[in-house]
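Here are my notes on the model you sent over.

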Amino acid sequence: MSTRTATCRCGQLQAICQGEPVRVSVCHCLDCQKRSGSAFAAQARWPDDKVSLSGEAKTWTRIADSGHKATYQFCPICGSTVAYVIEGWPGLTAVPLGLFADLSFPAPKFSVFEHRKHNWTVVLGDDVEHSSAPSAPRGSRRV
């Protein structure tokens with residue numbers, strides 16, 4: 001089984017992820033844009049029991065564009081979000097892709113909240129599912 005390690009900018013907080021992600025996606029919602037500091041955010045999701053944090057984390061919770069509660073775990077030193085859960089996706093933990101610093105990471109297969117997408121962005125791939133709506137909760141469509 002493969003292990004992938006994501007680290008915050010200062011290296012104090014890590015997310016250790018076992019196995020391959022069950023979903024890799026790009027989100028264009030305004031909150032993901034603010035969280036990432038970019039025009040969109042890319043993240044991978046694993047079952048909760050396949051992700052463990054090492055280091056000190058702070059937690060912050062808000063209501064997402066989807067209406068679901070989102071809880072973020074971030075480094076109290078550098079501020080990087082290292083993992084988060086959204087109640088609409090029970091049992092899964094998301095980790096931002098950039099924290100892996102891995103150019104061979106699997107490409108996103110989903111691009112959501114495209115009605116908030118900047119006109120100059122494009123998520124490429126013949127097998128990418130594009131949606132203007134938020135991600136459907138786990139169980140209501142494939143992961």
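1. Ala-101 sits in the loop between strand 9 (92-96) and strand 10. Keep in mind that this is a predicted model. The phi of Ala-101 is near 45°, a positive value in a residue other than glycine. Ala-101 is also exposed, with a relative accessible area of 74%.

2. Phe-113 is another one to look at for its backbone. Its phi is positive, about 60°, although Phe-113 is not a glycine. Phe-113 belongs to the loop between strand 10 and strand 11. Is Phe-113 buried or exposed? Phe-113 counts as buried, at 7% relative accessibility.

3. Stay in that part of the chain for Glu-114, which lies in the loop between strand 10 (110-112) and strand 11 (129-130). Glu-114 is buried yet has no salt bridge. Which side chain of opposite charge is nearest to Glu-114? That would be Lys-117, 5.6 Å away, whereas a salt bridge needs the nitrogen and oxygen within 4 Å. What the side chain of Glu-114 does have is a polar contact with the side chain of His-130, at 2.8 Å.

4. Now the salt bridges: the count comes to four. Arg-4, Glu-20 and Asp-102 are linked in a network of them. Arg-4 forms a salt bridge with Glu-20, with the closest N and O atoms 3.0 Å apart. This pair links distant parts of the chain, 16 residues apart: Arg-4 is in strand 1, and Glu-20 is in the loop between strand 2 and strand 3 (23-27). Arg-4 counts as buried at 13% relative accessibility, while Glu-20 is partly exposed at 43%.

5. Asp-102 lies in the loop between strand 9 and strand 10 and Arg-4 in strand 1, so the pair ties together parts that are 98 residues apart in sequence. Asp-102 is partly exposed, with a relative accessible area of 29%.

6. Lys-109 and Asp-127 also meet in a salt bridge through their side chains, at 2.6 Å from N to O. Again distant parts of the chain are linked, here 18 residues apart: Lys-109 is in the loop between strand 9 and strand 10, Asp-127 in the loop between strand 10 and strand 11. Lys-109 counts as partly exposed at 34% relative accessibility, and Asp-127 is partly exposed too, at 45%.

7. Cys-8 is buried, with a relative accessible area of 3%.

8. For the sheets, start with an open one of three strands, in the order 1-2-5 and with antiparallel pairing. Strand 1 (3-7) and strand 5 (51-54) stand at the edges, each with a single partner strand, so one side of each has no neighbour in the sheet. From one strand to the next, the twist averages 20°. Strand 1 and strand 2 (residues 14-18) run antiparallel and are joined by five bridges. Thr-7 has Gln-14 in strand 2 as its bridge partner.

9. There is also a hairpin, formed by strand 6 and strand 7 with five residues between them. Gly-67 in its turn has a positive phi of about 95°. Strand 6 (residues 58-63) pairs with strand 7 (residues 69-74) in the antiparallel sense, over six bridges. Arg-62 stands opposite Ala-70 in strand 7.

10. Two distances to finish. Ser-36 is in helix 1 (residues 30-36) and counts as partly exposed, at 33% relative accessibility. Ser-36 and Thr-81 are 45 residues apart in sequence, with 8.6 Å between their C-alpha atoms. Lys-50 is in the loop between strand 4 (41-47) and strand 5, and at 29% relative accessibility Lys-50 counts as partly exposed. From Lys-50 to Asn-119, 69 residues apart along the chain, the C-alpha separation is 36 Å.

How values were computed: Residues numbered from 1 in each chain as written. Predicted model: local features only at pLDDT ≥ 70, side-chain atom pairs only at ≥ 80, totals over all residues. Heavy atoms only, no water. Buried < 20%, exposed > 50% of the residue type's maximum accessible area, 1.4 Å probe, protein only. Pairing = 2+ DSSP bridges. Helix = DSSP H or I, 4+ residues; strand = E, 2+ residues; numbered from the N terminus. Axes fitted to C-alpha atoms, helices over the stretch in contact; angles between N-to-C directions. Lys, Arg positive; Asp, Glu negative; His and termini not counted. Polar contact = N/O pair within 3.5 Å; in protein donor to acceptor, adjacent residues only side chain to side chain.
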